[in-house]
Amino acid sequence: QGLTTSDGKTSIDITLGSLPAGESRTFSYPLRASIPGTYVNNVVAIADGEITAESGEVTTIVRKPALQVSNTGPETDYVNMETTYNISVTNTGDWPAVDTSIENIIPQGMRYVRSQGGNVTDGRVLWKVQRIDPGQTVSTSVTLSAAALGTVENTVTASAVCADAVSATARTEIKGAPGILLEVGDTADP
């Protein structure tokens with residue numbers, strides 16, 4: 001674990017050839033961090049005749065946003081009634097989450113009623129949040145209505161630049177509303 005090259009190496013060997021006295025060469029090499037943390041690197045140059053020169057330690061701090069999503073709704077509701085799901089996205093990481101997308105796929109058998117700031121397109125509700133700072137929570141909601149009986153699974157996914165996508169599902173059992181029909185017929189008048 002730590003910093004690696006794009007092909008997974010943990011050390012880099014570069015052959016320079018001749019380097020005249022008083023001259024220098026600069027090299028850059030992209031590295032990738034597998035996890036956030038503090039990494040300390042150093043460079044050692046070795047020349048013929050067992051001559052070595054060592055750089056000072058260079059510290060690199062790698063930070064990352066981490067999202068946590070919550071999606072809550074009623075455990076039961078009724079056909080043709082409004083069902084509201086409350087959505088919260090929290091950045092639990094140590095770096096701002098930028099260009100965050102929150103997506104709620106409208107479940108089959110449900111119809112869109114309204115949302116708090118979301119845009120509806122192609123059977124989904126989408127919210128865009130420019131920045132969520134570490135420790136900050138963004139909350140929103142979506143209201144849907146069921147057309148049939150059954151269990152509905154409403155899933156929300158949140159993602160951001162450099163953050164892993166996360167999802168949460170709220171399940172709601174849709175029931176029929178009980179009703180009584182009373183008919184009175186008058187067949188003969190006295």
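Predicted model: local features only at pLDDT ≥ 70, side-chain atom pairs only at ≥ 80, totals over all residues.
Residues are numbered from 1 along each chain as its sequence is written. Local features need pLDDT of at least 70, side-chain atom pairs count only at pLDDT 80 or more, totals for chains, interfaces and linings use all residues, and side-chain values use heavy atoms, without hydrogens and water.

Reader: How much space lies in the largest pocket?
Author: On a 1 Å grid over the protein atoms alone, a pocket is an open set of points where a 1.4 Å probe fits, with protein on both sides within 12 Å along at least five of seven lines. A volume is the space filled by probe spheres set on the points, which are joined across faces, edges and corners. For the largest pocket this space is about 1300 Å³.

Reader: Which residues that line the largest pocket are the closest to its centre?
Author: Lining residues have an atom within 4 Å of a point. There are 35 of them in the largest pocket, and the closest to its centre are Ile12, Ile14, Val43, Val44 and Ala45.

Reader: How many charged residues are in the lining of the largest pocket?
Author: Asp, Glu, Lys and Arg count as charged; Ala, Val, Leu, Ile, Met, Phe, Trp, Tyr, Cys and Pro as nonpolar; the others, Gly among them, as polar. The lining has 16 nonpolar and 14 polar residues, and the charged ones number five.

Reader: Is Leu19 buried or exposed, or in between?
Author: Buried means under 20% relative accessible area, exposed over 50%, and partly exposed in between (1.4 Å probe, protein chains only). Leu19 has a relative accessible area of 39%, so Leu19 is partly exposed.
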